[in-house]
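This report looks at charged pairs and at one helix packing. Keep the model open while reading.

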Amino acid sequence: MTDSFPRRQARTRRFTLGAPRGFTVAPDGQRVVFLRSQGGTDPVTCLWTLDVATGEERLVADPRDLEGPLDGSAAEEDLPPEERARRERTREQAGGIVGYATDRPVTMAAFALSGRLYVADFAAGLTPRLVDSPGSVVDPRPDPTGTRVAYVSGGGVHVHELAPRVTTTLAEPESETVTYGLADFIAAEEMGRMRGFWWSPDGDALLVARVDDAPVQRWHIADPANPDREPATVAYPAAGTPNALVTLQIIGLDGARVPVEWDTGAFEYLVEVTWDATDLLITVQARDQRTLQVLRVDTATGATTPLVAETDPRWVDILPGVPARLPGGELVWAADSEDAHRLVVDGEPVTPPSLQFRGLLDVDGDTVLFSASEDPTAIGLWTWSRAAGVVSLTPKPGVFSGRLGGGTLVVSEQDLDSDGPAVRVRPAEGPELTITSFARRPGLEPRVELFTAGDRELRTAVLLPSWHRPGQKLPVLMDPYGGPHAQRVLAARSAYLTSQWFAEQGFAVVVADGRGTPGRGPEWERAVYRDLATPVLEDQVDALHAAADRFGDLDLDRVGIRGWSFGGYLAALAVLRRPDVFRAAVAGAPVTDWALYDTHYTERYLGRPDTDPEAYRHSSVLDDAATPATADRPNRPLLLVHGLADDNVVAAHTLRMSSALLAAGRPHSVLPLSGVTHMTPQEVVAENLLLLQVEFLRDALDAPAPPAP
């Protein structure tokens, strides 16, 4: 523990290496499959099983022990482009076995390593088998019976018969712009759908997504540090521009095809697919996102009929895990009513308006496992069944996730009292088990106080240095994300590690979740409709003032703000529109011009640039940057940080911002990160980036160094 906290955090991938994750519970409840590396600084993820009856954890596959030219870290150059893109979409920072899929009884699994296909039998003592396959393999998935594995390679879908060891190609791309079996950019980036093919319940056919990105505009991501390299060309559907064309085909193992028919002009987004013994269902969404439909598919003809339709004059939320079916065929869905996201079974809401449904996690017989919040800072686990109704499984505050199968419940728990997560297994019968975590302890204990700020009851956290004594005035650092889809104020210690480290450097750190953030219901989330700037900035200012009223040592004459992605946008917005409050900002990978961000995210909140130009203009910071400073709106120190390889928030955002600032005579600093994407996994870069931010903020806010330990 002699390294600095930034180095420890970077080396441990934010203390996630060695922690168990990616759980699957067998339908009989007797086996749990999971991923975990073998140490807190080991980036090589391995596949493990837990025998619920004996409590034995068994290593199924370590990439370092398998055939092939693998160092276990899955170097970027060894991965197929589709897998590199998938890992970037999921912010996957570890290597090795980062994903797997099992058969229905969970007796075996398939996974890919550096583009090679492996099959593992969970029987003790068996070594995973390398499957000879043409090309690089992406997203291998066994059929429900475990006799075949389907996968994507070269943009086509292939099926390998395990016993005869024969591979058949079911679909091949007709052109360079077409892929089969992969999620399109929007599905992966914004909808949480990372896959593009699904087995039938009997394993005799596949539903396959065909994606043609020919209509999508091409952007070119260059590496200025290496001018000899050709720019990477990406198909990026920016707001107001065409999306990829996504269609579906049912493909039998004999190659017979049945196209799935729906109005792709009116519903161009394929949100989800559910194929079980009852039905094949697809969920589709309109381009303006005001209508979401669940369609039943006739597998013989491909015809579709509407089963559920949700509408909203602003947008309809996509909530994970739904639709699903109970054994009796009842549809499990989610819908908004009485200002709450609610779980719906067979057309009737079964959760109260006081409980905000977050997502469906599993259906185990007649029991539904889901996550939900009574208070937005806590995410708990709940079950619903006809017999028992709604039951809380996690009564204490914290952030929980889980899986359920055969009556065996896996709970991953984080709270404010301990380093986490802790993973416990509760069998239907027998003692509770704990899955071992090898994650390193941070060596830093957040001193966090949560409270509700102001009339809007903004969930807010304040962190002070451990060495602070009453009467010592402290400069303030606002440390938000502040936008849709993500929360920073949670009842989990791990959420505040970086904030506490900044506090130890001599700052009072304030973290606030304002309007637009999840967990408080549809109206709260929709408060940013047509305006991503005003509500979020107002809420940060209100939280700051409430924190200063509560904690008397916050110096409101020395307030800085830092953030990344939407938080970076918010930081830049703060010093440009409220320089009377914010005296300095660090804006990492900021979205400065919403017309440069993707269709699904941006159009949900702002509409389309051609029909709602004022919403885009008001929410952009480029006009603010281009306006010369005045006595009423003085220039404030601003550090812009951006990865030049970022294909999510492209570096053009920062470069255009810098050009506008320069033209207006506004001094600022730009830190370009060569070879870095949206979130940097590079250890040295991640460490030094924190250190540079501290030095910038100290200089800008005239903040003294902390006392020597």
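How many salt bridges does the count come to? The count comes to 47 salt bridges. The model is predicted, and side-chain atom pairs count only at pLDDT 80 or more. Three of these pairs are tabulated below.

| Pair | N to O distance | Relative accessible area |
|---|---|---|
| Asp 62 and Arg 64 | 3.0 Å | Asp 62: 7%; Arg 64: 37% |
| Asp 336 and Arg 526 | 3.5 Å | Asp 336: 34%; Arg 526: 3% |
| Asp 479 and Arg 488 | 3.0 Å | Asp 479: 3%; Arg 488: 16% |

**Burial of the pairs**

Take Asp 62 and Arg 64, whose side chains meet in a salt bridge. Asp 62 is buried. Arg 64 is partly exposed.

Next come Asp 336 and Arg 526, also joined by a salt bridge. Which parts does this pair tie together? Asp 336 belongs to strand S26, residues 331-337. Arg 526 sits in the loop between helix H5 (522-525) and H6. The pair therefore links parts that are 190 residues apart in sequence. Is Arg 526 buried or exposed? Arg 526 is buried, with a relative accessible area of 3%. Asp 336 is partly exposed, at 34%.

Then there is the salt bridge of Asp 479 with Arg 488. Why does Asp 479 count as buried? Its relative accessibility is 3%, and buried means under 20%. Arg 488 is buried too, because its relative accessible area of 16% falls under that 20% cut-off.

Some salt bridges share partners. One network joins Asp 312, Arg 314, Asp 317, Asp 336, Glu 523 and Arg 526.

**Packing of H6 on H7**

Helix H6 spans residues 534-550, and helix H7 spans residues 566-577. Their axes come within 10 Å. At what angle do the axes cross? The crossing is at roughly 75 degrees. H6 is therefore roughly perpendicular to H7, because angles of 65 to 115 degrees count as such.

Which residues meet at this contact? H6 supplies Val 536, Leu 537 and Gln 540. H7 supplies Phe 566, Leu 570, Leu 573, Ala 574 and Arg 577. By class, the contact has 6 nonpolar, 1 polar and 1 charged residues.

How values were computed
Residues are numbered from 1 along each chain as its sequence is written. This is a predicted model: local features need pLDDT of at least 70, side-chain atom pairs count only at pLDDT 80 or more; totals for chains, interfaces and linings use all residues. Side-chain values use heavy atoms; hydrogens and water are left out. Axes are lines fitted to C-alpha atoms, for helices over the stretch in contact, and angles run from 0 to 180 degrees between N-to-C directions. Helices (H or I, at least four residues) and strands (E, at least two) are DSSP runs, numbered from the N terminus. Angles under 35 degrees count as roughly parallel, over 145 as roughly antiparallel, 65 to 115 as roughly perpendicular and the rest as oblique. Contact means heavy atoms within 4.5 Å. Ala, Val, Leu, Ile, Met, Phe, Trp, Tyr, Cys and Pro count as nonpolar, Asp, Glu, Lys and Arg as charged, and the others, Gly among them, as polar. A salt bridge is a side-chain nitrogen of Lys or Arg within 4 Å of a carboxyl oxygen of Asp or Glu. Buried means under 20% relative accessible area, exposed over 50%, partly exposed in between (1.4 Å probe, protein chains only).
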